[in-house]
Amino acid sequence: MAIPVILVTGFLGAGKTTLINHLLSAADGRRLAAVVNDFGAINIDADLIAGAADGVVSLANGCICCSLQGDLLRTLGRLMRRDPPPDGIIIETSGVSDPAEIVTSLLDPVIWREAALEAVIALADARALTDKPDLLDDALCRAQIAAADIVALNKADLVTPDELVRARALLAALRPARVIFDVTEGRIAPELAFAGEPQAPREPGQAGRAHGFSTPRFETMSWTADAPLSLPRFQAAIGKLSPHLVRAKGFVAFREQAGRPLLFQLVGERATLGPAPAGRDGAPLVRLVLIAENGKLDADATRAMLEACIEREV
Ligand SMILES: Nc1nc2c(ncn2[C@@H]2O[C@H](COP(=O)(O)OP(=O)(O)OP(=O)(O)O)[C@@H](O)[C@H]2O)c(=O)[nH]1
């Protein structure tokens, strides 16, 4: 029997990793494997998928809808040959991927027989949609919603009930026939994701047509440091950089809070610092990935700004 595959898509920072963590934690004895794709050179998402290190495969430094497509198919092949094989596979696309391209690859009859695409779940960010309804004018964002069987309107906790109704209406106008769920922290019912029998292969839809805006549209920069940072200087640097960024994330450590690694997240203008999952041995103390629209980030100046945050021992 074919292994069911769930494809998770959605704009940068909408909550894809959070949803996958939820699905893995609610797996109820099912052996789920996850393939995560970070567009940057450092794969932060793989380290954020809790407690499933064994079943998580990371594809970094490219986008699985274009440069890493072959890697994705090879990875699926390897996962399917595991003994025992997984009961389900979740693929997280990077926020800059056009899922239609990946859907087309997964519809290859050879793949389909063994790993059948069961559902495409698109994450939309209720807060971002409320702040910027014209997000949905964006071709990439539309392609992600258009490819979905299920739309999860995430971050419901960050908007009022009226705002939630408006955000939902915006999505419904774009994708009237699809199911839209309001969720917080990606807590979609697992049975919605792995619903049972895979659907019949579908038409690739707009595959190919919508492409061209994916990877070349964004650029990514990674930065690492082996010494802790100054918290006020880092906050000031992020304040200056955030207007030029669409997304940033990574692990940080501050001199002011010695021995406490933190997870830094920036989505739009919302920056948060929270507890980091246990670090990987040998990984640099500070690992950041910054994503910007092409041409919006001066890499040298950004690097210099971040270097200036390092607290050197005197
Ligand atoms: N308040 C709130 N925050 C959320 C919710 N879901 C996710 N977040 C936060 O939003 C940020 C981004 O979440 P991720 O799950 O990393 O988003 P992503 O789509 O995987 O991000 P990329 O892979 O970089 O595109 C993190 O700080 C999450 O903790 C939610 O429902 N409510």
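Leaving aside its neighbours within four places in sequence, which residues is Ile-150 in contact with? This tour of a predicted model begins there.

**Stop 1: Ile-150 and Leu-192**

Select Ile-150, which sits in strand β6. Beyond its neighbours within four places in sequence, Ile-150 contacts Ala-119, Ile-121, Arg-178, Val-179, Phe-181 and Leu-192. Ile-150 has 19 other C-beta atoms within 10 Å and is partly exposed, because a buried residue needs 20 or more. Ile-150 and Arg-175 are 25 residues apart along the chain, and their C-alpha atoms are separated by 10.0 Å.

Move on to Leu-192, one of the contacts of Ile-150. Leu-192 belongs to helix α9. It counts as partly exposed, with 16 C-beta neighbours inside 10 Å. Select Ile-121 together with Leu-192: the two are 71 residues apart in sequence, while their C-alpha atoms are 9.7 Å apart in space.

**Stop 2: the whole protein**

Clear the selection and show everything. The protein has 11 helices and 12 strands. Of its 314 residues, 42% count as buried. Consider the contacts in the protein with a separation of 6 or more: residues 24 or more positions apart account for 79% of them.

**Stop 3: helix α4 and Pro-99**

Select residues 99-106, which form helix α4. Is α4 mostly covered or mostly uncovered? The helix is mostly covered, as 6 of its 8 residues are buried. These are Pro-99, Ala-100, Glu-101, Ile-102, Val-103 and Leu-106. To see what they pack against, show β1 (3-10), α5 (109-114), β5 (115-125) and α7 (139-146) as well.

Apart from neighbours within four places in sequence, the residues in contact with Pro-99 are Leu-7, Thr-9, Thr-93, Val-120, Gln-144 and Ala-147. Then pick Ala-146: Pro-99 is 47 residues from Ala-146 in sequence, and the two are 9.2 Å apart from C-alpha to C-alpha.

**Stop 4: around the ligand**

Select the ligand and the residues around it. How many residues are around the ligand, and which come nearest? There are 23, of which Gly-15, Thr-17, Thr-18, Gly-95 and Gln-265 come nearest. The shell divides into 5 nonpolar, 11 polar and 7 charged residues.

Next, show α1 (16-25), β9 (247-252) and β10 (262-267), each of which supplies at least two residues of this shell. Helix α1 gives the most, with 3 residues.

**Stop 5: two helices side by side**

Two packed helices are described by the angle between their axes and the distance between the axes. Select α10 (residues 231-241) and α11 (residues 299-307). These helices pack at an angle of about 160°, with their axes 9 Å apart. α10 is therefore roughly antiparallel to α11. The crossing of α10 and α11 is right-handed.

Which residues make the contact between α10 and α11? From α10, select Ala-237, Lys-240 and Leu-241; from α11, select Thr-302, Met-305 and Leu-306. By class, the contact has 4 nonpolar, 1 polar and 1 charged residues.

**Stop 6**

Most residues other than glycine have a negative phi, and most peptide bonds are trans. The last selections depart from this pattern.

Select Asp-83 and Pro-84. The peptide bond from Asp-83 to Pro-84 is cis, with omega near 0°. Pro-84 lies in the loop between α3 (69-80) and β4 (88-92).

Lys-155 is not a glycine, yet its phi is positive, at about 65°. Is Lys-155 buried or exposed? Lys-155 is buried, with 28 other C-beta atoms within 10 Å.

Finish at Glu-185, in the loop between β7 (179-182) and α9 (190-193). Glu-185 also has a positive phi, near 50°. With 14 C-beta neighbours inside 10 Å, Glu-185 counts as partly exposed, whereas Lys-155 is buried.

Methods:
Residues are numbered from 1 along each chain as its sequence is written. This is a predicted model: local features need pLDDT of at least 70, side-chain atom pairs count only at pLDDT 80 or more; totals for chains, interfaces and linings use all residues. Axes are lines fitted to C-alpha atoms, for helices over the stretch in contact, and angles run from 0 to 180 degrees between N-to-C directions. Helices (H or I, at least four residues) and strands (E, at least two) are DSSP runs, numbered from the N terminus. Angles under 35 degrees count as roughly parallel, over 145 as roughly antiparallel, 65 to 115 as roughly perpendicular and the rest as oblique. A crossing is left-handed if the near helix is turned anticlockwise from the far one by less than a right angle, and right-handed if clockwise. Two residues are in contact if their C-beta atoms, placed from the backbone, lie within 7 Å. Ala, Val, Leu, Ile, Met, Phe, Trp, Tyr, Cys and Pro count as nonpolar, Asp, Glu, Lys and Arg as charged, and the others, Gly among them, as polar. A residue is buried if 20 or more other C-beta atoms lie within 10 Å of its own, exposed if 12 or fewer, and partly exposed in between; C-beta atoms are placed from the backbone. A residue is near a molecule or strand if its C-beta atom, placed from the backbone, lies within 6 Å of it.
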